[in-house]
Amino acid sequence: MKVSGLIALAFASVAYGHTIFQKISVNGADQGQLKAVRAPSSNYPIQNVNDADLACNKNIQYKDGNIINIPAGSRVGAWWGHVIGGAQVPNDPDNPIASSHKGPVTVYLAKVNDAVNTGTNGLSWFKIAEDGFDTSSAQWGVDHMIQNGGWQYFDMPTCVAPGQYLMRVELLALHSAYSAGGAQFYVGCGQINVTGSGTKTGTDLVTFPGAYPSNDPGIVINIYGAAGAPNNNLKPYPIPGPKVLQC
């Protein structure tokens with residue numbers, strides 16, 4: 001199929017292939033549906049890098065008073081589903097997200113005094129994990145999330161200082177990113193408390209909005225190769241945002 005045909009299919013799937021961040025796991029233990037998670041009821045993405053709600057999403061409908069304890073060094077999971085609860089219909093082909101929505105997944109933290117009640121304006125965020133594009137397997141971070149049944153896994157760095165944080169997870173779908181405003185940001189935040197003996201509260205701090213320029217080469221990009229496959233011509237992909245925190 002020609003690239004133009006793939007692009008048309010991508011547009012056709014936009015209304016159906018969306019996703020919402022809904023759960024956190026710690027060392028394999030599922031913490032429960034919407035526990036300590038700020039989530040909207042809508043699965044629609046943000047497509048403007050300057051949107052005031054790019055930090056934790058807009059129209060938050062689900063928010064509780066829980067904070068999840070995460071020991072530094074833990075294996076953490078963020079679970080995504082097509083709609084609240086997961087599948088929209090039995091055998092939903094777009095759960096956790098349409099397979100056409102290729103792109104990277106990333107995780108940020110912002111140190112706060114009160115993870116339950118803090119707003120998002122003016123917070124300083126640092127990146128702790130990312131999964132972009134593997135040129136050897138031609139797989140994206142989104143592919144790995146789908147293979148894991150909706151779970152986006154990463155390690156909480158051992159050097160993160162103890163205390164409360166907002167944990168921001170982001171899925172960036174690039175199937176329509178060939179022109180400005182086409183990339184789709186799926187974001188959500190969890191309320192967490194990191195435990196341990198680390199000392200770092202971030203380097204390469206950024207704000208949302210502000211972290212991503214509108215012309216970022218990882219945001220405005222045609223990921224379709226010469227043969228029409230979404231493989232970025234097997235070239236390295238520049239993940240937007242700062243470098244991952246190094247311990």
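The lining of the largest cavity comprises 7 nonpolar, 4 polar and no charged residues. The model is a predicted one. It holds 1 cavity of 30 Å³ or more, and the space in the largest cavity is about 50 Å³. Among the residues that line the largest cavity are Thr19, Pro40, Tyr44, Asn57 and Phe185. Strand E13 gives the most to this lining, with 3 residues.

Strand E13 spans residues 184-195 and includes Asn193. Asn193 has a relative accessible area of 19%; because buried means under 20%, Asn193 counts as buried. Its side chain makes a polar contact with the side chain of Asn69 at 3.0 Å. Apart from neighbours within four places in sequence, Asn193 is in contact with Ile67, Ile68, Asn69, Ile70, Gly163 and Gln164.

An open sheet is also present, with 4 strands in the order E2-E1-E6-E11 and antiparallel pairing. Strands E2 and E11 stand at its edges, each with a single partner strand, so one side of each has no neighbour in the sheet.

| Strand | Residues |
|---|---|
| E2 | 29-30 |
| E6 | 75-81 |
| E11 | 151-155 |

E6 and E11 pair in the antiparallel sense over 5 bridges. Within this pair, Gly77 has Tyr153 of E11 as its bridge partner. In general, strands of a sheet pair through backbone hydrogen bonds.

Notes: Residues are numbered from 1 along each chain as its sequence is written. This is a predicted model: local features need pLDDT of at least 70, side-chain atom pairs count only at pLDDT 80 or more; totals for chains, interfaces and linings use all residues. Side-chain values use heavy atoms; hydrogens and water are left out. Helices (H or I, at least four residues) and strands (E, at least two) are DSSP runs, numbered from the N terminus. Buried means under 20% relative accessible area, exposed over 50%, partly exposed in between (1.4 Å probe, protein chains only). A polar contact is a pair of N or O atoms within 3.5 Å; within protein, one must be able to donate a hydrogen and the other to accept it, and residues adjacent in sequence count only if both atoms are side-chain atoms. Contact means heavy atoms within 4.5 Å. On a 1 Å grid over the protein atoms alone, a cavity is a set of points where a 1.4 Å probe fits but cannot get out, and a pocket is an open set with protein on both sides within 12 Å along at least five of seven lines; lining residues have an atom within 4 Å of a point. Grid points are joined across faces, edges and corners, and a volume is the space filled by probe spheres set on the points. Ala, Val, Leu, Ile, Met, Phe, Trp, Tyr, Cys and Pro count as nonpolar, Asp, Glu, Lys and Arg as charged, and the others, Gly among them, as polar. Two strands pair if DSSP finds at least two bridges between them.
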